Amino acid sequence: MSKEPAKPSESVVQPLLAERRELKVTVERLRLELAEAQGTGGPDPRLRELQAEIERLRYQLASARAEAGLMREERDELRLGVERAIEQLANPYLK
């Protein structure tokens, strides 16, 4: 009686082959990504444009903050003037 060598069951082989295929695909995708990243050879071309936009927005924010400060001061001055006018109307003999 000759005995055939024991074969791994299909339930073990098929998942291993599927995993192997997935790993090969992943390795190739990563190789392509690496080649693309190395091929650019420098910073993102949009970097200067984005930095300029950031600087413009910073300037715009600083201007808006300064304008808001001036408006607060004007508001406070107007409020004080209104309070004085109300006080003078309530007490016409006080100046």
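Asp76 counts as partly exposed, at 39% relative accessibility. The model it belongs to is predicted. Asp76 has a salt-bridge partner, Arg75, and the points below begin with that pair.

**Asp76 and Arg75**
- The closest N and O atoms of the salt bridge between Asp76 and Arg75 are 3.0 Å apart.
- Arg75 is partly exposed, its relative accessible area being 40%.

**Arg56 and Glu53**
- A salt bridge joins Arg56 to Glu53, with 2.7 Å between the closest N and O atoms.
- Arg56 and Glu53 both sit in helix H2, which covers residues 47–90.
- Arg56 and Glu53 are about one helical turn from each other because they are three residues apart in that helix.
- The relative accessible area of Arg56 is 43%, so this residue is partly exposed.
- Glu53 is also described as partly exposed, with 33% relative accessibility.

**Glu28 and Arg31**
- Helix H1, spanning residues 10–40, holds both Glu28 and Arg31.
- Three residues, or about one turn of the helix, separate Glu28 from Arg31.
- Their side chains meet in a salt bridge, at 3.7 Å from N to O.
- Glu28 is partly exposed, with a relative accessible area of 38%.
- Arg31 counts as exposed because its relative accessibility, 54%, is over 50%.

**The chain as a whole**
- How many salt bridges does the count come to? The count is four, and the pairs described above are among them, including Glu28 with Arg31.
- There are two helices in the chain and zero strands.
- Of the 95 residues in the chain, buried residues make up 1%.
- The chain has an accessible surface of about 9700 Å².
- Carbon and sulfur atoms account for 59% of that accessible surface.

Key: Residues are numbered from 1 along each chain as its sequence is written. This is a predicted model: local features need pLDDT of at least 70, side-chain atom pairs count only at pLDDT 80 or more; totals for chains, interfaces and linings use all residues. Side-chain values use heavy atoms; hydrogens and water are left out. Helices (H or I, at least four residues) and strands (E, at least two) are DSSP runs, numbered from the N terminus. Buried means under 20% relative accessible area, exposed over 50%, partly exposed in between (1.4 Å probe, protein chains only). Accessible areas come from the Shrake-Rupley method with a 1.4 Å probe; for residues, only the protein chains shown count as cover.
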